[in-house]
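Let's take a walk through a protein model together. Have a look at the structure below, and then we'll work our way from the whole chain down to a few details.

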Amino acid sequence: MASQDVRNERINFMCDHANGYYSSFTYFSSKILLDILLLRVIPLLVLGSIAYRFIGLAPTVPAFWKLLLVLVMFNLTTASVILLLSIAFANTSVASLVGTLVMLHNLLFTDLLINCAPLLPASQRLLTVSIFHAASEALAVNKLRYLQLKESKYGMDIDVPAAKILSTFGLWAQTFWWPNIVLLGIFFGVVTFASFLILHFYVKERR
């Protein structure tokens, strides 16, 4: 049902654009404002504001706003990727296949399924193109960067900085803004701009 709706919207756009009802920029900008920003940013801000206190995350104002920033940037980036695929591929089956492969790659290098610390340097470069990894690392750093964990063992109290635990799993305590948030912003901007170019130059009615 959803794939049929996407196909109908694509056909409607090509017909309306060919008849001069609106330009591709007008359609694309309204799509961004209504579909991506209104439906994916505002509900997320409301949900994060309500759930943050009950989850028990870091009780500081900067940590709260950083968490909302990560969630919004990640949501916008994933939405822009889906938008690009829906514009680039007229066949919804092909778009679903490519989207699945893209998401599987991102999920594999999130550092949840495998420990990325012992990977070869060449393989670690794949982390830079994983939006899931960027968001996951930013969330972990925001939560754990300044924590001190205490453990009593053999009659001694041992203080372990959470940054040390992050590095054990291949995460780095200084990577909130760069490269994670910056990469999410770059991905969103580049993918959104590419979506507009494809819509403007390639999605046209064939006569």
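To read the order of elements, you need to know what counts as one: helices (H or I, at least four residues) and strands (E, at least two) are DSSP runs, numbered from the N terminus. Keep in mind that this is a predicted model. With that in hand, start at the N terminus and the elements go α-α-α-α-α-α-α-β-β-α-α. The chain has 207 residues, and 32% of them count as buried.

Now let's zoom in on the last stretch of helix we'll care about, H9. Helix H9 is made of 26 residues. From its first C-alpha to its last, H9 reaches 37 Å, close to the 38 Å expected at 1.5 Å a residue. There's also a record to compare with: an unreviewed UniProt entry annotates residues 176–203 as a "transmembrane region". In the model, that span is 93% helix and 0% strand, and its end C-alpha atoms are 38 Å apart.

Which residues of H9 are buried? Quite a list, as it turns out: Phe176, Asn180, Ile181, Leu183, Leu184, Phe188, Val191, Thr192, Ser195, Phe196 and Leu199.

Most peptide bonds are trans. Yet the bond joining Trp178 and Pro179 is cis, with omega at about 5°. Pro179 itself sits in helix H9.

Next, find a partner for H9. Helix H4 (residues 61–88) and helix H9 (residues 176–201) have axes that come within 9 Å and cross at roughly 25°. Are they parallel or antiparallel? Angles under 35 degrees count as roughly parallel, so H4 and H9 are roughly parallel to each other. As for handedness, H4 passes H9 in a left-handed crossing. Sort the residues in this contact by class and you get 20 nonpolar, five polar and one charged.

One last stop: Ala135, which you'll find in helix H7 (residues 131–144). Is Ala135 buried or exposed? Buried means under 20% relative accessible area, and Ala135 has a relative accessibility of 6%, so it counts as buried. Now look for Val72, which is 63 residues away from Ala135 along the chain.

Terms used:
Residues are numbered from 1 along each chain as its sequence is written. This is a predicted model: local features need pLDDT of at least 70, side-chain atom pairs count only at pLDDT 80 or more; totals for chains, interfaces and linings use all residues. Side-chain values use heavy atoms; hydrogens and water are left out. UniProt positions are given in the numbering used here, feature names are shortened, and annotations may be inferred rather than shown by experiment. Axes are lines fitted to C-alpha atoms, for helices over the stretch in contact, and angles run from 0 to 180 degrees between N-to-C directions. Angles under 35 degrees count as roughly parallel, over 145 as roughly antiparallel, 65 to 115 as roughly perpendicular and the rest as oblique. A crossing is left-handed if the near helix is turned anticlockwise from the far one by less than a right angle, and right-handed if clockwise. Ala, Val, Leu, Ile, Met, Phe, Trp, Tyr, Cys and Pro count as nonpolar, Asp, Glu, Lys and Arg as charged, and the others, Gly among them, as polar. The expected span of a helix is 1.5 Å times one less than its number of residues. Buried means under 20% relative accessible area, exposed over 50%, partly exposed in between (1.4 Å probe, protein chains only).
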